[in-house]
Amino acid sequence: MADPVTPPPAGEQRPDPAAPPPSPAPAKYPRPLQALLQSLLVAVYVLFTFFAVYRLGSLLATASLAASAFIAFGVPHAQAGRPKYLVGGYVCGAAGGLACALALHLLPGGAAGQGGYVVILLCAAAVFLTSFGMVFFKLQHPPAAALAATVVLSPSPLPEALTALACIVLLGLAKLLLARWFAKRFD
C-alpha cells in the first residue's frame with residue numbers, strides 16, 4: 001500500500017477516511033422472479049395494446065407491438081429496446097407502410113381490384129423502405145418491419161399506423177420510467 005504522505009498516482013484518488021461507506025447496490029432479483037416480472041410487464045402492455053387496437057377492428061399491429069414489448073422488457077439491456085429505437089423504428093415502419101398503402105389505393109381499381117401478387121409486392125416494398133430507413137438512420141428495431149406490412153394489409157392504414165405509433169410511444173415512456181429499476185435489479 002502506498003505511503004499516506006505520498007500523493008497517489010495520476011488519475012487515482014484515495015478514499016476519504018471520514019466519508020461514510022458507499023451504500024450497497026440494490027440486490028438483484030432471483031432469476032425466477034426476474035422472469036416473472038419481465039413476463040408480467042410484457043403481458044400487461046400487450047393487454048392494453050389489444051384494447052387500443054381492438055377498436056380499429058384489426059389486431060394485426062398487436063403482433064409487432066407484442067414483439068416490441070418483449071424486446072423492451074424481456075431483454076431490457078438490448079439496444080433495440082431503447083426508446084429511441086422503439087419509436088424511431090416504428091416511425092420508419094409507419095412511413096414505409098403508409099407509402100405503400102397509398103400506392104396500393106392509387107392503383108387502377110383500388111386495393112379491392114388488385115390481385116394478391118400486387119399486395120405481396122407492396123408489402124415487400126414497405127418492409128424494404130422500413131429496413132432502409134432504420135439502417136440509414138441507425139434506428140434498428142425489427143418488429144417495426146412487421147408494422148410496415150401490417151399497414152399495407154390493413155383496411156384502415158392511417159388509423160392502424162397512428163394507433164401503433166401511440167402504443168409504441170407509451171411503451172417508450174414506460175421503458176424510460178422503469179430504466180433505473182431495470183438497471184439496478186436485472187441481469
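Is F136 buried or exposed? In this predicted model, F136 counts as exposed, at 56% relative accessibility.

**A nonpolar patch and its rings**

F136 contributes to a nonpolar surface patch of about 590 Å², together with F128, L129, F132 and F137. One of these residues, L129, is found in helix α4, which spans residues 116-136.

| Residue | Relative accessible area | Class |
|---|---|---|
| L129 | 38% | partly exposed |
| F132 | 53% | exposed |
| F136 | 56% | exposed |

L129 is classed as partly exposed because its 38% lies between the cut-offs of 20% and 50%. F132 is classed as exposed because its 53% is over the 50% limit.

The count of aromatic pairs comes to three. Among them is the pair of F132 and F136, which is stacked, with 5.8 Å from centre to centre and 15° between the planes. Both F132 and F136 lie in helix α4, four residues apart, or about one turn of the helix. An α-helix has 3.6 residues a turn, so residues three or four places apart point the same way. Ring pairs also extend beyond these two side chains, linking F128, F132, F136 and F137 into a cluster.

**Helix α5**

Helix α5, formed by residues 143-153, is mostly covered. Of its 11 residues, nine are buried. These are P143, A144, A145, L147, A148, A149, T150, V151 and V152.

Key
Residues numbered from 1 in each chain as written. Predicted model: local features only at pLDDT ≥ 70, side-chain atom pairs only at ≥ 80, totals over all residues. Heavy atoms only, no water. Buried < 20%, exposed > 50% of the residue type's maximum accessible area, 1.4 Å probe, protein only. Helix = DSSP H or I, 4+ residues; strand = E, 2+ residues; numbered from the N terminus. Patch = residues over 30% accessible without salt bridge, like charges linked within 9 Å, V, L, I, M, F, W, Y side chains within 5 Å. Areas by Shrake-Rupley, 256 points an atom, 1.4 Å probe, with all protein chains shown as cover. Salt bridge = Lys/Arg side-chain N within 4 Å of Asp/Glu carboxyl O. Phe/Tyr/Trp six-rings, centres within 6.5 Å; stacked < 30°, edge-to-face > 60°.
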